[in-house]
Amino acid sequence: MTSVTFANVWKQFGAHTAIEDLNLEIKDGEFMVFVGPSGCGKTTTLRMLAGLEIPTFGKILLGNEDVTLTSPGRRNISMVFQSYALYPHMTVRQNLAFGPEIRHENKSEIAAGIDRVAKLVGLQALLHRFPSELSGGQRQRVALARSMIRRPRIFLLDEPLSNLDASLRTHMRTEIAELQRQLGVTAVYVTHDQVEAMTMGHRIAVFDHGRILQVATPAELYRAPASKAVGMFIGSPRMNVLPARVSDDGGLVNIHCLGTTFSMEARHFVRDRVSDNIELGIRPDEIQWVKDAPSRCTQKITGVVTSLETTGSDTFVVVDVEGTEVNSKFPSFAPVRRGDTVDLIFDPADLHFFDAGTGASLKVRPANNN
Ligand SMILES: Nc1ncnc2c1ncn2[C@@H]1O[C@H](COP(=O)(O)OP(=O)(O)OP(=O)(O)O)[C@@H](O)[C@H]1O
Ligand SMILES: [Mg+2]
């Protein structure tokens, strides 16, 4: 178990900057998730932590120990990849024994280690099988078991479930999170999957173009994204971002958006950053649908349904409001059809406000919002 510190870490590949001034602390025993678009530097960061890449500049610490230049073998960090990289001609037992054997570990200790990890991930009955005789989930378990056999200080997982089908992913997601908590080992987990990120991580780091945009708990990221980019990246379906205009009215701020005006107390805004034009973020599940909103209800936008998609538990509806598409989530099998005029209502407290130029959040949040 170990904490991790990245201090002013840069990574250049030739002229390309893959990581730009990364500063991040991962706590002892924490499950940290990395998310972000393809090519933003997630794998590069893991590889630097594992010692497979050396930072161009900056330091990496494990606890208080500077490991920036320490070889991978001396870090005791294990890494599980998307492709499990099992040896096809070896049984599960031989795959698990391979690493310890080439390190000339004691035979009885190797056997005990295999028993221990096989039990942890439920592979006891499959130790004699070859990888080709295992399901995708079972192969993934072998890869996990192999990475745990050394009792690593840190567990790195780079999209380990992306080759599995949906139901197996859900199952393995729970298993990995449970295992991490059981072992109390520090873990860094890369994923493209929103649900994995939100359900598994103690904290999530959102990467973009080699930088970290925000590090926060899943709830905080969802409710208080620091920027439009984070707001749009986290949450599915995507947050709506609508153009809005602001006018000051003493202690109130009037917000004009899509034909409606509503007021918020000025203390909710980062004052000195509010300009005339802002962008207003609203998540599809923060919009409610009512059949006929009372006309005095000002937090209402009216539009025409252009498409509907029912998943069973929800209906995703696209509403055209004065030429702008607004995505919303209606109750399942809501009695609406394409072409219907509908009223959408929302609680202004749920709204997100962003600077139209920089995308920075303009909303003041209570200190404790988890
Ligand atoms: N060995 C390398 N040589 C040159 N460029 C590299 C090398 N490894 C990574 N890069 C570049 O660095 C950037 C970050 O790559 P990285 O693999 O870390 O992205 P990622 O966030 O893991 O993406 P993905 O989600 O697609 O796996 C990319 O632009 C990539 O092309
Ligand atoms: Mg990657």
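1. Contact here means heavy atoms within 4.5 Å. On that basis, Leu 123 touches Val 92, Ala 118, Gln 138, Arg 141, Val 142 and Ala 145, leaving out residues up to four places away in sequence.

2. Before going on, some bookkeeping. This is a predicted model, with local features needing pLDDT of at least 70 and side-chain atom pairs counting only at pLDDT 80 or more, while totals for chains, interfaces and linings use all residues. Residues are numbered from 1 along each chain as its sequence is written, chains are lettered from A and ligands numbered from 1 in the order written, and side-chain values use heavy atoms, without hydrogens and water.

3. Leu 123 also turns up in the largest nonpolar core, a set of 43 residues where it is listed with Leu 96, Phe 155, Ile 176 and Tyr 189 as having the most contacts inside. (Such a core joins buried Ala, Val, Leu, Ile, Met, Phe, Trp, Tyr and Cys residues through side-chain atoms within 4.5 Å; buried is under 20% relative accessible area, exposed over 50%, partly exposed in between, with a 1.4 Å probe and protein chains only.) A second, separate core has 31 residues, including Ala 266, Val 317, Val 319 and Phe 353.

4. Now for ligand 1. Its surroundings include Phe 13, His 16, Lys 42, Thr 43, Glu 159 and His 192, each with a heavy atom within 4 Å of the molecule.

5. Have a look at the backbone too: a N or O atom of Gly 39 sits 2.8 Å from an oxygen atom of ligand 1. For polar backbone atoms of Cys 40 and Gly 41, the distances to a ligand 1 oxygen are 3.2 Å and 3.0 Å, respectively.

Technical notes. Polar contact = N/O pair within 3.5 Å; in protein donor to acceptor, adjacent residues only side chain to side chain.
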